[in-house]
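Student: I have a model open and would like to learn how to read it. Can we take it feature by feature?

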Amino acid sequence: MLRAIVRKEFQYHLSNPLLRVGMLLTLVLAAASTLIAVQDYNLRLHAYQDGVATHARVLREQTVYSFLHPVVVRRPEPLSVLNQGSDARLGSDVAIHLFAIPAEATGGYRGNEFLITPPAADLTAIVAVILGLLALLVAHDAIQSERKGGSFPAMLAHGVPRGVLLAGKILGGLLTLALPLAGALLVSLAIFVLQLEVTFSSSQWLRTAGLAASYLVYLSFMLLLGLFISLSLHRRSQALAVAVVAWLTAILVLPRAVQTLAADLSGARETRRTSERSAAALLAERDRRLGEELRRDPLRTEFSGDYALSFGSGENRAVRYRFGSAAYYDALSAYYRTEVAVGRRYAEAVFAEQQRSAARLRAAEHLARALAMASPASLLDEASEELAGTSTADYDRFLAACRSYRLDMIRYLEGKNAFASWRWFTDDSPGRLQPWTRFLGLAPEEVKPGEVRRIFERFGDPETGSRLRREQDLAERDPARRLHIDDMPRFTNPDASPLDHLRRAAPDALGLLFLNGLACTAVVTRFRRWSSR
């Protein structure tokens with residue numbers, strides 16, 4: 001009896017031209033969005049591969065330790081094709097160095113990254129918007145059509161239990177919705193296989209199955225909502241109008257309202273501005289202390305015969321000197337030992353401030369998740385992001401791996417005695433020093449302080465200047481000056497297990513199941529009291 005009712009419902013829905021159009025639209029949009037998302041992913045994958053190769057080449061060319069700043073690049077997530085989430089929104093590059101603890105990747109923020117955002121044009125959005133509307137349309141007149149056609153009283157008269165009738169309608173509707181859902185998934189997976197430039201792992205296939213299950217649970221709720229509307233109203237036109245309003249509320253109104261309310265209650269913008277001001281004050285204090293330390297020894301600040309020429313300064317306080325005296329390099333070494341120690345302390349202070357700011361922003365995230373319980377589309381998006389590996393939690397896990405790698409690099413540099421050696425700031429070796437005064441036939445001590453600038457102007461002489469440039473070119477091409485970094489630690493960011501993804505998606509998935517339970521209870525209660533007359 002139940003199979004017969006399910007088959008009847010399935011055939012009835014498939015005969016609806018509007019439903020067939022919706023199914024076709026779903027397949028077309030799934031194919032188009034997946035093609036676009038795959039191309040976007042392939043471009044990001046190429047950028048990732050190029051970035052890794054470029055940064056590795058730059059590292060191999062370094063000659064001093066202060067320039068040894070590995071840049072870690074976050075690999076794009078293949079399942080972002082199904083749910084883009086935060087994968088392409090939150091940046092991908094992190095420079096590893098002493099003077100900052102990784103708290104974010106390059107690319108910046110777009111508002112409060114811990115809050116939900118409007119859905120992107122991916123398969124999750126198509127399920128939420130198109131199939132969600134289709135589910136409401138399938139169910140909004142499911143009861144009205146039975147009453148109008150007179151089949152409902154006839155089935156009851158022939159002894160069909162109400163529970164079996166209702167179960168048949170629900171299962172028939174789900175079977176109908178599973179058809180376009182399965183078609184959209186198959187189309188997307190076919191495009192994956194043909195055009196995605198990576199191979200899915202077993203973990204990613206399991207997570208894809210989890211995504212499919214979350215889609216079906218969401219559609220189940222929308223179907224039950226449509227049935228409740230059909231049971232509550234006596235006219236099909238009224239049911240249709242209410243179904244469209246319910247769809248707009250679930251898809252657009254509630255997610256945006258949740259995001260706006262959570263951001264307002266948390267004061268996210270003011271929190272970020274306050275954190276940035278505090279971090280800027282700490283860095284200004286650090287620079288003032290380091291400036292005072294640099295000026296403590298006149299040899300480091302006065303232009304003299306011992307002075308070294310600067311041949312490069314970069315980000316994160318990287319420097320490289322050449323053609324200085326041993327006395328000058330010893331004075332610089334004392335300063336840079338202090339700079340490293342002070343820089344590390346202030347990096348920790350700035351990071352602590354950033355963590356306090358992040359904790360306040362996460363309070364907004366928790367608030368948004370609580371409010372999102374009223375929005376099935378928000379719950380679907382959050383659960384799908386966790387299963388796809390494109391959530392802020394995956395971004396945070398990458399940053400945590402970057403922080404761990406920074407500690408590995410510090411231990412590596414300490415093992416090389418990099419912070420206490422000349423090699424931190426110069427590639428001139430102690431055994432072959434050639435102060436700049438030697439190009440003029442003078443020893444450093446022969447150059448009096450008052451005569452330094454006048455003597456230095458002699459480098460304007462073509463022959464003397466050409467000699468200095470030749471020496472510099474030889475130094476640049478000398479392979480012996482390059483750092484030997486074959487034993488340098490390598491960055492690793494191990495993938496989370498499917499159980500980790502499932503654990504993080506569980507609260508939102510349970511929220512969807514809870515809404516299903518409420519809707520099912522309401523439908524069953526209403527159906528028991530419903531009269532066919």
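Student: Which residue does the side chain of Asp-428 contact by a polar contact?

Tutor: A polar contact is a pair of N or O atoms within 3.5 Å; within protein, one must be able to donate a hydrogen and the other to accept it, and residues adjacent in sequence count only if both atoms are side-chain atoms. Here the Asp-428 side chain makes a polar contact with the side chain of Arg-481, at 3.2 Å. A polar atom of the Asp-428 side chain also lies 2.7 Å from the backbone nitrogen of Phe-323. This is a predicted model, where local features need pLDDT of at least 70, side-chain atom pairs count only at pLDDT 80 or more, and totals for chains, interfaces and linings use all residues. Residues are numbered from 1 along each chain as its sequence is written, and side-chain values use heavy atoms, with hydrogens and water left out.

Student: Where does Asp-428 lie?

Tutor: Asp-428 is in the loop between H13 and H14. Helices (H or I, at least four residues) and strands (E, at least two) are DSSP runs, numbered from the N terminus. The protein has 16 helices and four strands.

Student: Is Asp-428 buried or exposed?

Tutor: Buried means under 20% relative accessible area, exposed over 50%, partly exposed in between (1.4 Å probe, protein chains only). Asp-428 has 7% relative accessibility, so it counts as buried. Of the 533 residues of the protein, 48% count as buried.

Student: How far apart are the C-alpha atoms of Arg-322 and Asp-427?

Tutor: They are separated by 7.1 Å, though the residues are 105 apart along the chain. Across the protein, residues 24 or more positions apart account for 82% of the contacts with a separation of 6 or more.

Student: How do H2 and H6 pack?

Tutor: Axes are lines fitted to C-alpha atoms, for helices over the stretch in contact, and angles run from 0 to 180 degrees between N-to-C directions. Helix H2 (residues 17-60) and helix H6 (residues 162-195) pack at about 25 degrees, with axes 9 Å apart. Angles under 35 degrees count as roughly parallel, over 145 as roughly antiparallel, 65 to 115 as roughly perpendicular and the rest as oblique. H2 and H6 are therefore roughly parallel.

Student: Which residues make the contact?

Tutor: Among them are Leu-19, Met-23 and Ala-30 of H2, and Leu-179, Gly-183 and Phe-192 of H6. By class, the contact has 13 nonpolar, eight polar and no charged residues. Ala, Val, Leu, Ile, Met, Phe, Trp, Tyr, Cys and Pro count as nonpolar, Asp, Glu, Lys and Arg as charged, and the others, Gly among them, as polar.

Student: Which side chain does Ser-220 join in a polar contact?

Tutor: That of Asn-516, at 2.7 Å. Ser-220 lies in helix H7 (residues 202-232) and is buried, with a relative accessible area of 14%.

Student: What is the phi of Asn-316?

Tutor: Asn-316 has a positive phi of about 60 degrees, although it is not a glycine. Asn-316 is in the loop between strand S3 (309-313) and strand S4 (319-322).

Notes
Contact means heavy atoms within 4.5 Å.
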